[in-house]
Each structure stands twice: as C-alpha cells, then as structure tokens.
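Welcome to this guided tour. Open your viewer, get your selection tool ready, and follow along one stop at a time.

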Amino acid sequence: MSNTVIEVKELKREYVSTKGLLKRNRRVVKAVDGVSFSVNRGEIFGLLGQNGAGKTTTVKMLTTLLAPTAGVCKVLGRDCFGEEKHIRSRINFIFGGEFGVYRRLSARDNLRYFAHLYLLDRKVSEARIEELLALTDLAERADDLAETYSKGMIQRLQIARGLINDPEILFMDEPTVGLDPVGARMLRDIIRRLKEQGRTVLLTTHYLQEAEELCDHMVIVNHGKVVAAGTPAEIRGHHRSLEDAYLALVGGEEHAAADD
Ligand SMILES: Nc1ncnc2c1ncn2[C@@H]1O[C@H](COP(=O)(O)OP(=O)(O)OP(=O)(O)O)[C@@H](O)[C@H]1O
Ligand SMILES: [Mg+2]
C-alpha cells in the first residue's frame, strides 16, 4: 500500500462573488491557486496561513465537500471528486468552534446518533463510544446534556464524533481555537495519541508553537499559494523561531508597518 495518503497537485478553487445582478460586479476570488503537497500515512501534517489564505477551502475539497476548479485532489488514492464514496467512510473531519454536535443531547447520545449515521453495528458502536469518551476525557459527564459543557468539552466531543467511524485520516480545521491553555494542551495530547494509533491527521492552526510541537511536516499558504513546505525545523531555517520565519514569509513586517 502506498505511503502517500493525501496528494494535492496544482489544486485550484475559485469562488465567484456577485453583488446584485450586474455582470461587471462579478468578482472571481482565487481562494486556492495552484497548491501542491502530499501527506504520508501516520503523520501529523499542518496547513498554516493567514486568514483567507485558503486553508478551509483546501480542507473542504479534501473532505469531498467542495469540488475543485482544477488540479489533482486525491485521498487514499481516490479522487475527491468522482470517487468520494470510497473516501467518505474512511475519513472524518472536525471544524473548530462549537458546531457539529447537538446541544440538546448528551455526549453519549450524540455519539450514538453519529454511529447510527455511519450504520455501525450496535455492539461495535457501544464499545467504541466508551473508548472515545475515555480518550476525550468525557466519561464522567457523558450523560449530561452538551449544552452544559464548557467550550473545551464541546471541542473534545467533536473529536470523539470525528473518530466514530474509526477514520484513517482525521481532518481538523483549527481544533484548538478559543481554548484555554489547559484545554488546548489536552487537545494536543489527544492529537498525539491519534498519531500513536497510526492515524493520519491534517490540521490547520494559527498557533505556530502548536504547529511546531505537533507537526511532522507542514505547508504555509498565502493568497492561495504555497510559500513554504517542509519540517518545522526546515521552515524555521536560520530564523530564531518558526514565528519569525512565518512572518518573513507572509509579509508580516509589511502588515505590522501598515497597521501603525
Ligand atoms: N463561499 C465563498 N464564497 C466566496 N468567497 C469565499 C467563500 N468561501 C471562502 N471564500 C474566500 O476564499 C478565500 C479563502 O478562504 P478560506 O476560508 O479558505 O481561508 P482560510 O485560510 O481558511 O482563512 P481563516 O484562517 O480565516 O479560516 C477568502 O478570500 C475567502 O473570503
Ligand atoms: Mg479557515
């Protein structure tokens, strides 16, 4: 079996935004503009970049939710557009923030609901749900309604939800956004455990230290294009920190000056 589980080549996605009906008000946004990278099985891969750089758009194409405008977009050797049936049962995704779980259900019932959607056998799913509640440290509150949970607990519940179909690849879009330092560390520990279990994780984050700590490889995208790729150490290069390298790459100094 190939070691490459995600393959992206010259990937593009444009959005056409219109204000009103006039054609001259049509504006084409090149959200992803010729991105290439590949991800190996079992690694944690980081997709970094400024707001609007094209990260979520890329993740949506990789998770078969959005069709590319052009280029190669393959997951587990299959085309994300056209062969999505073969991909969907073997991957899962979580988008940061508090979406994607039912607040009027308990953690356990949320997981039962999603297990049902994946047509999991009842015995298998009950055992897996216990495992996931333990992994995400939710066992004690598993029967309380999700609306009584803290943000950190909701985000951990999202991870449990994302693992319900035992995915080979988990896509995480800003999994630690809005978490306190303790919650964020807990989540990073969970992500590391996913890797130990042999899963592949692709994550986006704005926390450079987190990316440096977790990622085996990463790409930095800016205005829809890759501006750096490699291990965190390779990208840091001669800079004092990954943050310095990042700022140099995405023109942070320029931005800082413009803000004055
Ligand atoms: N549905 C849409 N229609 C029009 N433009 C869009 C749409 N979704 C995203 N865009 C634009 O595409 C570009 C890339 O957006 P995207 O959400 O992929 O960025 P991102 O890197 O995830 O940013 P962030 O860090 O803020 O989450 C932005 O310019 C955004 O405004
Ligand atoms: Mg985004």
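**Stop 1: the two domains.** Begin by colouring the protein chain in two parts: domain 1 (1–82 + 169–180 + 195–260) and domain 2 (91–166). These bounds come from an automatic or database domain assignment. Before going on, note that this is a predicted model, in which local features need pLDDT of at least 70 and side-chain atom pairs count only at pLDDT 80 or more, while totals for chains, interfaces and linings use all residues. Residues are numbered from 1 along each chain as its sequence is written, and chains are lettered from A and ligands numbered from 1 in the order in which they are written.

The C-alpha centres of the two domains lie 26 Å apart. Where they touch, domain 1 gives 14 residues and domain 2 gives 12 residues; two residues are in contact if their C-beta atoms, placed from the backbone, lie within 7 Å. Which strand supplies the largest share of the side of domain 1 that touches domain 2? Select β7 (residues 169–173), which contributes 5 residues. Strands (E, at least two residues) and helices (H or I, at least four) are DSSP runs, numbered from the N terminus.

Stop 2: Two strands pair if DSSP finds at least two bridges between them. Strands of a sheet pair through backbone hydrogen bonds, either parallel or antiparallel.

β7 pairs with β8 (residues 200–204) in the parallel sense over 5 bridges, and M172 is opposite L203 in β8. Further along, β3 and β9 (residues 217–222) are also joined in the parallel sense by 5 bridges; look for F45 opposite H217 in β9. What is the sense of the pairing between β9 and β10? They run antiparallel, with 5 bridges between them, and V219 has A229 in β10 as its bridge partner. β9 and β10 form a hairpin with 2 residues between them, and H223 in the turn has a positive phi of about 45°.

Stop 3: Zoom in on β1 and β4 (residues 70–75), joined by 5 bridges, where K9 has V72 in β4 as its bridge partner.

**Stop 4: ligand 1.** Display ligand 1 and its surrounding residues, among them Y15, S17, N51, K55 and T56. A residue is near a molecule if its C-beta atom, placed from the backbone, lies within 6 Å of it. Which element gives the largest share of this shell? Helix α1 does, with 3 residues.

**Last stop: confidence.** Colour by pLDDT, the predictor's confidence in each residue, from 0 to 100. The chain averages 91, and 95% of the residues score at least 70.
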